[in-house]
Every structure is written in structure tokens, then in C-alpha cells.
Amino acid sequence: MLTKVSLPDIPVGRGLEDFVAAFFQAAGQYVERSIIQRETEEVLELDLLTTAYTDSVPTHLLTEVKSGGWGFPDLFKLSGWLHYLQLQDAVFVVTKTKNKLDFYIEKARRLSVRLIIIPDLKEAAKPLAAVTGIENPQQIDVAVWRYSYWLDRIFAKDLICKKKTATIEKRYSALADYLHAINNGAFFRQTISERMDHLCSVYKDHPNISSRVSAEMVGSSFEGEYAAVENEVFKRTFYECEYNDLQISAYIEHRARLALMKHATDFILFTKSGRHDLAKDSRKLKIFNHEIECSSFESLPVTFREGIEKIKDEPYFHRYPVFWQWFMWAYGGFILLDKEEDEYAHMAARTGIPVEEIPRALEAYDSFFPTPGTWFIDTSPNACIRKLKMFPVPFMGLGAFFRRRIYEVNKFSELSLNGHHTINDLVNWNNAAVSVLNK
């Protein structure tokens, strides 16, 4: 049976941040949310950082969202963050207006902050178009990203809750460290090569983390060496669609790969533009009275550096971060093979990569992260689907929901798909997503 869940009519708090973020995402930008810098104490928390990718240097926009009262202290704080992070542009999005609004708008402008007021959330697209560039985004695109962020927050919240309560289990601290590195730790490194190196170092601290998570789930030591995920745990997770710790681990591992791909793209673009100061750090080591200049870039895995070389001359590599963010967290990491041409057409319209270049964009995952065979599984003829290995099922369920909406059908059976299990898989994935959202 197909089950349902609905977005809140009036988003507040984190939900309002997600609402605004979805408009940037629907406009074809790369979105990072809730970035926190902590040292001895919390330094700052950024609501949104969006990246616009063209074939030149990517441009960043810092966005703060507030639903309640606001004033000059908020504008000064955002301006301070802007300069602290050495960014050029910031936006303050609020839902409540003020008297003498023009006065506030001008003061904000002098602080390098654009002020956008959205008194009616139903009409949010038009005022946000000043920064998104799109006045009429497709409603389903905005909705699917709000659902995606909702799932994202549940995964992260469940992990942190388990880390606090199940202190004996070692997997939760390891997974939380990994997620922190992806969301926050890498962002505050000075150069892009240092960000990539940081993520790779965290992986090296916890290699094959999903296999180790599954081992601890069945009573084995997390510290052991395991070549594969426990078979029984794998079946429960990906065949029976059980929401468990392996789903969270798989989610984090794919998040990490996307972050690395994004940093690699930035590295190529800044290097090609001659901004070597931002692309690569430089260190001098003294060995036997000789100074040797090196960089954290040389510490990256050889296969990953080879991946950078493979994609750097592709005509649309600069759109790969946007494409993969859409493919994984909106399309669910899979393709309906009976509708492959239609799938590519929809993806092209949303990601800025032409249909004929999408196969190359899909191959990039294997280029960056080589694995025996490929990262994709073709489940034909039983289910005519090509999907990423070890992809979290609730997000596949979101992808299933998205297909039903973009192909304008009420039931999955109306999609006219081949394969005995194709429709059942889509229904089960959809229900898995709904189950998590209803937690």
C-alpha cells in the first residue's frame, strides 16, 4: 500500500531555512546548509551557503534566514561573518517587514548585505528571484528538496541522539565525526586541497566504515577489519528497507563522496583561473638540510588525483556537483531504464548538463572513487532500474515519489514499467521514506 506524508503549510525555524534553500536548489545552484564552526565554543552557524557554477570561478552567496523580529544587530552580525569568511556577497531573508524599510535596505547595502522580505511565503519565488535568478521555479522541485532536507535532518538527528544514549557502541562517535567533517570541518580549511585532504584523512581514520557498522550491529567489534557488509544486515537494510544504522552510514559515505567531488571541481576551476592561493596550500619541509616544497594535495589518494585529471577537460565538469546533488538527494540515486531518455531530459533541465553529456557525468563517480566493476547496479530484468550501490533507501523513496510527480501519474503502476519487481521496489522505497518522515 502506498503511504503518504505532507510538508507543513507554514514552515518555521529550520523548516523555513529549508524552504528558502529549496528555491536556490531549484534554480540550479549547489546548496550547503547549517555549517557550524566550533573551537573551544561555537563561533558561528551559517544557515545557507550557495554556489553558482559556471565555466569560470564559482561564486558563493551567504544567506541568513529569520522568521521573527530582526534589526541592525542581525545585519551587523551577517556582515561580520561575511568578512570573517572572506566572502563577497550576503543575503538576509526575513518574513516580517519594518517601518522605514528603505532605510534598512540602504544600511544593509552598505554592509554588503542584500535584504529580502517575504511577507507571504506563497509568493516567495518573486522576491527570491533577485538572488536565485528564477521567478517561476517548478513547485515540485521546491517540494522535493524540502522533503530531502527533512530526511537529511532526521538522519543527522537520529545519529546524534544515538551517540548520546548508546555510548558503549563505537560506531556512533565514528559516524558523527565523519558527518561533522563533511558538514563543517572541511569548510573552514583555508585552501581547497586542505579541505579534500581533511575528508580523506577522516576516511582513513575509519576505513570501510559501513562494513564495520554492520559488524558491530551483529555483535562483532567495530575495530575489526571487514571486507564487506554483513549479509543479513545488508538484506534487512536494502531488500527489506529497514531503517537502521547502516542506512545512516551509507548516507554519510555518499555525502562524503559528493563533498569531495565538489571540492575537486572547485580545485580545477580555481587552478584554471590562476587562483593557486585558494586551490592549493604550500608547505616547506626541511629534509637533510634541503627545503622541499609540498602540499596536502600530494597526500590525496592517487586514484582521486587521477579522477581529477580524467574530468578536468570534460566540457561540463563544472556542473557535476549540481548534477550529483540532484541525482542523489532528489532523484534517489537511480534511473528508470524504461524511461532513460525521459530521465536524462528531466535531469538536463534541472542540472544544466545537456542530455548527451549526462552519461559522462554519471561516469564521474567511478572516475573519482574506483571500485571493482562500477558503482552502478543494473537490476534488469527483474527490476528495470540502474542504481547506485549502497544508497540509503529513504532517499530512493524520495526519488520514487519525484518520478510519480514529474511523470504526472497517481500510481506507480501507471508508469508502464517492465520488470516483475520494478513497481514493488518503487512502492517499498516510497513507503520507507514516508515511515522515516513520520518518525
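Predicted model: local features only at pLDDT ≥ 70, side-chain atom pairs only at ≥ 80, totals over all residues.
View 1. Buried means under 20% relative accessible area, exposed means over 50%, and partly exposed lies in between (1.4 Å probe, protein chains only). Helices (H or I, at least four residues) and strands (E, at least two) are DSSP runs, numbered from the N terminus.

Some notes apply to every view. Residues are numbered from 1 along each chain as its sequence is written, and side-chain values use heavy atoms, with hydrogens and water left out. Local features need pLDDT of at least 70 and side-chain atom pairs count only at pLDDT 80 or more, while totals for chains, interfaces and linings use all residues.

**View 2. Helix α13 is largely enclosed by the rest of the structure.** Phe327 touches Gly332, Gly333, Phe334, Ile335, Met347, Leu362, Phe376 and Leu388, leaving out residues up to four places away in sequence. Contact means heavy atoms within 4.5 Å.

**View 3. His318 sits in the loop between α12 (302-311) and α13.** His318 is buried, at 8% relative accessible area. Not counting residues up to four places away in sequence, His318 touches Tyr53, Thr54, Asp55, Thr265 and Leu269.

**View 4. Ala250 is a buried residue of helix α10.** Its relative accessible area is 1%. Ala250 touches Ser210, Phe238, Met390 and Pro392, again not counting residues up to four places away in sequence. Ser6 lies 244 residues from Ala250 in sequence, and the two are 25 Å apart, C-alpha to C-alpha.

**View 5. Helices α16 and α17 pack at an angle of about 115°.** Helix α16 covers residues 393-406, helix α17 covers residues 422-437, and their axes are 7 Å apart. That angle makes α16 roughly perpendicular to α17. Axes are lines fitted to C-alpha atoms, for helices over the stretch in contact, and angles run from 0 to 180 degrees between N-to-C directions. Angles under 35 degrees count as roughly parallel, over 145 as roughly antiparallel, 65 to 115 as roughly perpendicular and the rest as oblique. Where do the helices meet? Residues of α16 including Val393, Met396 and Phe401 meet residues of α17 including Leu426, Trp429 and Val436.

**View 6. Leu62 is found in strand β3 (residues 59-66).** Leu62 counts as buried, at 1% relative accessibility. Leu62 and Ala90 are 28 residues apart along the chain, yet their C-alpha atoms are separated by 4.5 Å. Leaving aside neighbours within four places in sequence, Leu62 is in contact with residues including Leu46, Leu78, Trp81, Ala90 and Val91.

**View 7. The count of disulfides comes to 0.** A disulfide is a pair of cysteine sulfur atoms within 2.5 Å. Cys241 counts as buried at 15% relative accessibility, whereas Cys161 is partly exposed at 44%.
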